[in-house]
Number of protein chains: 2
Amino acid sequence: MPRYSCLVEYDGRPYKGFQAQDNLPTVQGSLERAILGFSGETLRITAAGRTDTGVHASGQVITFDLPKTYRPDVVRDAMNAYLIPEPIAVREAAIVDDDFSARFSATGRMYLYRILNRRAPPALEQGRVWHVKKPLDAEVMADAAQHLIGRHDFTTFRDTECQAASPIKTLDIARVKRVGEEIHLVFASRSFLHRQVRSMTGTLVEAGIGRWTAADVKAALEARDRRACGQVAPPEGLCLTHVTFEPEPDFESRSSI
Amino acid sequence: MPRYSCLVEYDGRPYKGFQAQDNLPTVQGSLERAILGFSGETLRITAAGRTDTGVHASGQVITFDLPKTYRPDVVRDAMNAYLIPEPIAVREAAIVDDDFSARFSATGRMYLYRILNRRAPPALEQGRVWHVKKPLDAEVMADAAQHLIGRHDFTTFRDTECQAASPIKTLDIARVKRVGEEIHLVFASRSFLHRQVRSMTGTLVEAGIGRWTAADVKAALEARDRRACGQVAPPEGLCLTHVTFEPEPDFESRSSI
């Protein structure tokens, strides 16, 4: 029973999140239907990140088992054929070890949050960015973000419905930079609490518009109280860009073109 | 009667091109409705580039006259309010001289053509890129593009329905580079013939996949014959990114945030 892993990209807009739900469009539901389409197998896939409604991914990773052995490029192309015209694409596929799990073998997850920071609303990037009209000071946001790096109790930045056993996580990267009219926030951690990235982003924006200081962000973290969180950023600016594993699945980006 | 100029961004997908047509959705039609909405004036706008169906713009420029004087930021915000929820945004507005024309005062136009060059179809960039599965050699394309630079008779790369008086144009920039999974082509000229950018792009792709040599591209140009053109690239990868003027309209990107 070979195990397959796929690198998956999707636009989260038409989906009620990644996780399968009866009678609702989900990314998982569409991927499982594509697998059923080409293989005839009804199964459940495992994913590295259960993204929320409207959240995008360029580097989601999934795993599943099939009774038959297919060449990885055949799996990729066959799934993509069944996914048309949905905004979901299998970028790469690989055969992995039986004990490899997209969820439990992941050693790191990286997210990009994009803010469009100008007066005019987004036209080309509608649904892909959070529109913040007030001018943001990226340097203040970057300074404030430094306080979030490291091992902390992130209760303040955790949704009240979060299921994680512990609110303690280690944030490895929290970078903020201006890219033209946009502000890009990059966060990396072994794993994140529910809505943690959006909660941290919304709170850093409070600092970026001058309503909070960097010290206020630090105090919010230290409060370990959900009520100390600033606003929660909307889903459309968020994208799961990268998941790391040791060892990495054999996604050979251009091998079988 | 003050004259206004606006810097406009749009996603071309829902529109039958820029130019107004009765009973069809066009970018011009939507912009003129937005002007009517806030000012009560029914008028025709002038644009720097009449983009085709499905072609995008991040830097389109328009001009129009209004009997009343408004602050430029008021024009921008009012038009954007009337444009919601369409994927058209007025990035900036300015008051310009009475003899300034978005069309006739333009001294240069720049287009970006984006190709997604991988096996998997686009998910996040659906409708924004041309999907070419075969691997493209960007260096061969860049070499071939060199032959197009300069003053030439571009009959080969001109749509048979092109209305321009002369097929002779001067191409100032023709750059090709790989950007991750994408190939970006940038073209700049004082003005372009109808479908010239898409005709040149499609022909350069013939070289990129190895079907043509750079010398074949040169011979196609020199043939001055539409039948010598390679394929014509589809509209979705094309974006009007920049129009230059001397002097430039006073678009102060972040002045009135």
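Figure 1. At 81% relative accessibility, Asn23(A) counts as exposed (buried means under 20% relative accessible area, exposed over 50%, partly exposed in between, with a 1.4 Å probe and protein chains only). This is a predicted model in which local features need pLDDT of at least 70 and side-chain atom pairs count only at pLDDT 80 or more, while totals for chains, interfaces and linings use all residues. Residues are numbered from 1 along each chain as its sequence is written, chains are lettered from A and ligands numbered from 1 in the order in which they are written, and side-chain values use heavy atoms, with hydrogens and water left out. Asn23(A) sits in the loop between strand E1 (3–10) and helix H1 (27–39) of chain A; helices (H or I, at least four residues) and strands (E, at least two) are DSSP runs, numbered from the N terminus. Its phi is positive, about 60°, although Asn23(A) is not a glycine. Most residues other than glycine have a negative phi.

**Figure 2. Arg224(A) and Arg227(A) in the loop between H5 and E10 of chain A**. Although not a glycine, Arg224(A) has a positive phi of about 45°. With a relative accessible area of 52%, Arg224(A) is exposed. Arg227(A), in the loop between H5 and E10, is also exposed, at a relative accessible area of 76%. From Arg227(A) to Ala144(A) the C-alpha distance is 18 Å, and the two are 83 residues apart in sequence.

**Figure 3. Leu240(A), a buried residue of strand E10 in chain A**. Strand E10 covers residues 238–245 and includes Leu240(A). The relative accessible area of Leu240(A) is 0%, so this residue is buried. Tyr113(A) is 127 residues from Leu240(A) in sequence, and their C-alpha atoms are 8.9 Å apart in space.

**Figure 4. Two cis peptide bonds, one in chain A and one in chain B**. In chain A, the bond joining Ile84(A) and Pro85(A) is cis, with omega about 0°. Pro85(A) is placed in the loop between helix H2 (72–83) and strand E4 (88–96) of chain A. In chain B, Glu246(B) and Pro247(B) are joined by a cis peptide bond, again with omega about 0°. Pro247(B) belongs to the segment after strand E10 (238–245) of chain B. Most peptide bonds are trans.

**Figure 5. Contact of helices H1 and H2 in chain B**. The axes of H1 (residues 27–39) and H2 (residues 72–83) of chain B come within 8 Å and cross at roughly 115°; axes are lines fitted to C-alpha atoms, for helices over the stretch in contact, and angles run from 0 to 180 degrees between N-to-C directions. H1(B) is therefore roughly perpendicular to H2(B) (angles under 35 degrees count as roughly parallel, over 145 as roughly antiparallel, 65 to 115 as roughly perpendicular and the rest as oblique). The crossing of H1(B) past H2(B) is right-handed; a crossing is left-handed if the near helix is turned anticlockwise from the far one by less than a right angle, and right-handed if clockwise. From H1(B), Ser30(B), Leu31(B), Ala34(B), Ile35(B), Gly37(B) and Phe38(B) meet Val75(B), Ala78(B), Met79(B), Tyr82(B) and Leu83(B) from H2(B). The residues of this contact divide into 9 nonpolar, 2 polar and no charged (Ala, Val, Leu, Ile, Met, Phe, Trp, Tyr, Cys and Pro count as nonpolar, Asp, Glu, Lys and Arg as charged, and the others, Gly among them, as polar).

**Figure 6. Contact of helices H3 and H4 in chain B**. H3 (residues 138–146) and H4 (residues 196–208) of chain B have axes that come within 8 Å and cross at roughly 130°. That angle makes H3(B) oblique to H4(B). H3(B) passes H4(B) in a right-handed crossing. Val140(B), Met141(B), Ala144(B) and Ala145(B) of H3(B) meet Leu204(B), Val205(B), Ala207(B) and Gly208(B) of H4(B). This contact comprises 7 nonpolar residues, 1 polar and no charged.

How values were computed:
Contact = heavy atoms within 4.5 Å.
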